[in-house]
Amino acid sequence: MRPKPDARVSAPLHWDEIEGCAPEDFTLATMPARFAAIGDRHADIDQHSCSLDRLLELSAQQERDGLGDAPWPPNYKKQAGEPPRVQPSKRRVPTSLRQGYGGPPKRERRRKHPLVEIGRASKKEDALAGLERWKARHPDAAGHLQPADLLVDAMRGRFKTWTRIRVNLQHVPEELRPAQEALDPDETPNDWANVSEADREAWRRSHRKARSE
């Protein structure tokens with residue numbers, strides 16, 4: 001059962017049914033007729049046993065590569081070997097301290113993977129063109145990249161979005177990893193470049209009003 005007004009239920013499907021169905025097709029009202037017409041899709045599940053060997057091998061490989069168990073839900077007791085239950089972007093380590101503006105020392109965030117930033121552009125196609133130029137300069141490193149190593153992010157400014165491209169070098173041998181270079185292209189948008197002072201002040205007032213509400 002699902003906590004929905006139409007009382008949806010979990011329903012097993014054949015692969016050829018997936019494209020033509022929707023979750024609301026399977027409810028307490030519709031499932032009796034479905035069972036009467038096609039029977040129980042789970043009826044012969046025990047006749048198709050599978051081995052867990054490949055899954056266990058993958059788990060062991062990921063553990064060796066440092067990809068341990070995902071964080072458990074917060075209502076579970078902390079598990080042995082479980083990574084910190086905090087977003088990676090907020091995880092900090094006290095290895096390198098930087099003095100803040102009159103405040104306590106600030107700790108730098110720890111990078112889990114070796115990342116290099118390629119470029120920033122207001123148009124996605126311009127940023128992708130910069131990525132192709134980077135690949136042409138570093139063909140040996142580019143040959144080791146996997147699809148998931150290319151990080152194309154839509155960044156939100158105050159008034160518009162722009163594109164940032166980074167490359168994760170985790171699958172590139174250390175001796176082939178290029179160092180961080182000057183961004184190509186380097187078009188970090190200036191949201192205020194063509195905004196008059198009157199419009200800026202109007203935006204600030206509306207922003208302050210929204211925050212106070």
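Predicted model: local features only at pLDDT ≥ 70, side-chain atom pairs only at ≥ 80, totals over all residues.
Mentor: Residues are numbered from 1 along each chain as its sequence is written, and side-chain values use heavy atoms, with hydrogens and water left out.

Trainee: Where is P71 found?

Mentor: Helices (H or I, at least four residues) and strands (E, at least two) are DSSP runs, numbered from the N terminus; P71 is in the loop between α2 (53-64) and β1 (92-99). Its C-alpha atom is separated by 7.0 Å from that of P84, 13 residues apart along the chain.

Trainee: Which strands do bridges join to β5?

Mentor: Two strands pair if DSSP finds at least two bridges between them. Strand β3 (residues 115-121) is joined to β5 by 6 bridges and runs antiparallel to it, with E117 standing opposite R166. Strand β4 (residues 150-156), also antiparallel to β5, is joined to it by 7 bridges, and there A154 has T163 as its bridge partner.

Trainee: Is β5 mostly covered or exposed?

Mentor: β5 is mostly covered, since 6 of its 8 residues are buried.

Trainee: Why does D186 count as exposed?

Mentor: D186 counts as exposed because its relative accessibility is 51%, and this residue lies in the loop between β5 (161-168) and α5 (197-212).

Technical notes:
Buried < 20%, exposed > 50% of the residue type's maximum accessible area, 1.4 Å probe, protein only.
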